[in-house]
Amino acid sequence: MNMDSRLSFEEFRKEVLNDYRLACESREVSLLARKEVLTGKAKFGIFGDGKEVAQIAMAKYFLPGDYRSGYYRDQTFAFASGIATIEQFFSQLYADPDPLNEPFSAGRQMNAHFATPNITPDGQWRDLTKIKNTAADMAPTAAQMPRALGLAFASKLFREVEVLKEFSHLSQNGNEICFATIGDASTSEGHFWETMNAAGVLQVPLAVFIWDDGYGISVPRKYQTAKGSISTVMEGFRKTEGTNGFDIYNVKGWDYAGMCEVFENGLRKVRETHIPALFHVEEITQPQGHSTSGSHERYKSKDRLAWEKDFDCNHKMRQWILENALSDEGTLQEIEARAKVLAQESRKSAWEKYITPIKQQVQTMVGYGNAVISEGIADTAMVQQAIHELQVNREPLRRDILKTAATILFHNKKKQSPALQALQQYYNQQLQQEKQTYNSLLYGEGANSALNVPVIPATYAADAHAVNGYEVLNKYFDQLFAENPKVFAFGEDVGKIGDVNQGFAGLQQKHGKDRIFDTGIRELTIMGQAVGMALRGLKPIAEIQYVDYMLYGLQPLSDDVASLHYRTGGIQACPMIVRTRGHRLEGIWHSGSPMAMMIHSLRGMHLCVPRNMVQAAGMYNTLLRANDPAVVVESLNGYRLKEQLPDNLTTFTVPLGVPEVVMAGTDITLVSYGSTLRIVEEAAHTLEQMGVSCEVIDVQTLLPFDIHHSIVESLKKTNRIVFIDEDVPGGGTAYMFQQVMELQGGYRWLDVAPRTLSAQAHRPAYGSDGDYFSKPNTEDVVKVVMSMMEE
């Protein structure tokens, strides 16, 4: 060998041994972390043992600007790419709430759920091209797939949409790949199939890695997948000349050299051409089984277990290194020994950082308890026992400290003393501090929050003319797309025909097919497309044609978007808007008003229910000036009602969580929103002729709801209240009832029992009569109000 060859070989050898070191370290982490769970220091564990070599090979080609949308067994990939350290992994295993120790979720997610920041506290987008990015992990199987489509689709937009070229901190000409990882059993989920189909249609740089260990927990592959192979059954999706689709590659999870070669060539093609790829990584093993909650010896045969031992990826890589004279036995043993030491040291450091502040709090609590004992006024024996139990607890939790303080205070509630008063103050302070630790950051704060957007009223010219509601939106979106290059709109029938209610009529032709476009009938991945785009700094408006079909797209909104800001400790934002329409129309699947379904599953998103299209435009303006995600439900029967057109159409804002009194009155308060509000107003005019003065309030948004408690101020005046909407009994009306009666203390001001008036429990029957008898009508409102006035 000449000198250059020797140098090249030495560099290659160093890289191989470094990769083997990473594989050994990650394996030791899995072994050690499992013990931490089984001994009680951690609650639960799920690890990436058996996938080390494949993930190291994959991470070699994961570049700054790329995104990962992953699987909860990707710890080795996180270590190899620098997303996480071993110590941070253990900190998350212990649920350390200190973001300096556990930067991915501040103790709010279980182990191997990683995240990297995409925003700053002052609402600015970070330079994502300098970061190896990961979307915050989720545990629901295949839930990572829909947003992976959006993360990859964003690269297509950054490459092809000229107006995005200025945002060089968000993309380098769309060269970024989204790396998606998934277990083989999870490919049975519809999320996987819908995503792969959409990726093949759209031709986006999505690289999907399937870890195939032959089982879905205890269920073997033959019960999961047709033909027993996901790559075989997906052959029809393979891209050939003149077609779309994606490339398919098969590799063995223990074949280090083979995977490096295939991944390098395959990923280069994905990056350059934006043709998606599926990498089926077969013959993966699980040395410790599925998780700490069970043993794979219960369902795997002795032959299978023996095979897994022989084909363990670390074992096979070790053999390959020795067979190719890349190292000797002594060097490998030294690497393996150092890996054990590093894992132990990292575990110990993470545990000390986690437990030390808790033990300090224990000592503080003991001091307060001893002061109570010394004072001699409280039940001394009881306090001594409580303090003793706390002191002998070798692994105390924060809750143990608070429970000890609360137990002493509850038991001595009728006694007064300076020491007990000091303990009470300490308890209140600690409780407030821990609530901030665990109950904060559901929504954005500061500049990221939609609640902090300045209120700018709509203004009207003296000769402002009235137009149809859909025309208000059409003119609004036209101006919006001209002014804001980050905004995109898409969904079923949004592009060519301009949506089913003409809000985008003619705008695709004006602003381009890459800004306003049609999708297939696939609500789940329409939501996923928006999630990925928003994570990368764009402002997508994704349409679900009717609110009835929110169910198809609800899972990513609930499990991912709504919880995202909370579960990342505020380091990730997803400023997407779901545009939909609903309420009164015709039939069981086109007249829905499932507000409670969204209220209860989308905490962490804003839920806007504008009564008309001017209000809707103002809400869009508010949302687009912040980084909170939201759903806007437009009123289906409002598109052809006349409204005056504001002259500051893209600058006026409607504050969220601020109800509006649309009709003043003194006898009774009627609370509603959206399409139902028009029924309520009609009833109020009828009641006025009958001598009853109604105050009609439009709540405007259900999430947030009346943040200044203005509804109770109306109730103080009228002493009677009815909550009216089109949701099922106990749905949206019950939610509003609880907010005003309980949280606002409205019960104090009642002269008669409050009422809720909702739709029937069944879905609306077809036709105008079906609507009349299925949902609240004017006569229903009048009858309820008159009965209350007669009490």
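Modeller: Let us begin with one word: contact means that heavy atoms lie within 4.5 Å. Keep in mind that this is a predicted model, where local features need pLDDT of at least 70, side-chain atom pairs count only at pLDDT 80 or more, and totals for chains, interfaces and linings use all residues. Residues are numbered from 1 along each chain as its sequence is written, and side-chain values use heavy atoms, with hydrogens and water left out.

You will find Ser449 in the loop between helix H14 (418-438) and strand S9 (466-468); helices (H or I, at least four residues) and strands (E, at least two) are DSSP runs, numbered from the N terminus. If we leave aside its neighbours within four places in sequence, Ser449 is in contact with Gly444, Ala626 and Asp628. Its relative accessibility is 7%, so Ser449 counts as buried (buried is under 20% relative accessible area, exposed over 50%, partly exposed in between, with a 1.4 Å probe and protein chains only).

Now for the part I would like you to look at closely: strand S4. Of the 6 residues of S4 (residues 206-211), 6 are buried, so the strand is largely enclosed by the rest of the structure. Leu206, Val208 and Ile210 point one way from S4, while Ala207, Phe209 and Trp211 point the other way.

What does S4 belong to? It is part of an open sheet of 6 strands, with the order S2-S1-S3-S4-S8-S7 and parallel pairing (two strands pair if DSSP finds at least two bridges between them). At the edges are strand S2 (133-134) and strand S7 (247-252), each of which pairs on one side only. Helix H8 (residues 256-273) packs on this sheet and touches S3, S4, S7 and S8. The direction of H8 makes about 165 degrees with that of S7; axes are lines fitted to C-alpha atoms, for helices over the stretch in contact, and angles run from 0 to 180 degrees between N-to-C directions.

Next, look at the partners of S4. Strand S3 (residues 178-183) pairs with S4 in the parallel sense over 6 bridges. Within that pairing, Phe179 stands opposite Ala207 in S4, and Thr181 stands opposite Phe209. S4 also runs parallel to strand S8 (residues 277-282), and 5 bridges join the two. Here Ala207 stands opposite Ala277 in S8.

Strand S18 (residues 668-672) and strand S21 (residues 721-724) are joined in the parallel sense by 3 bridges, and Thr669 stands opposite Ile721 in S21.
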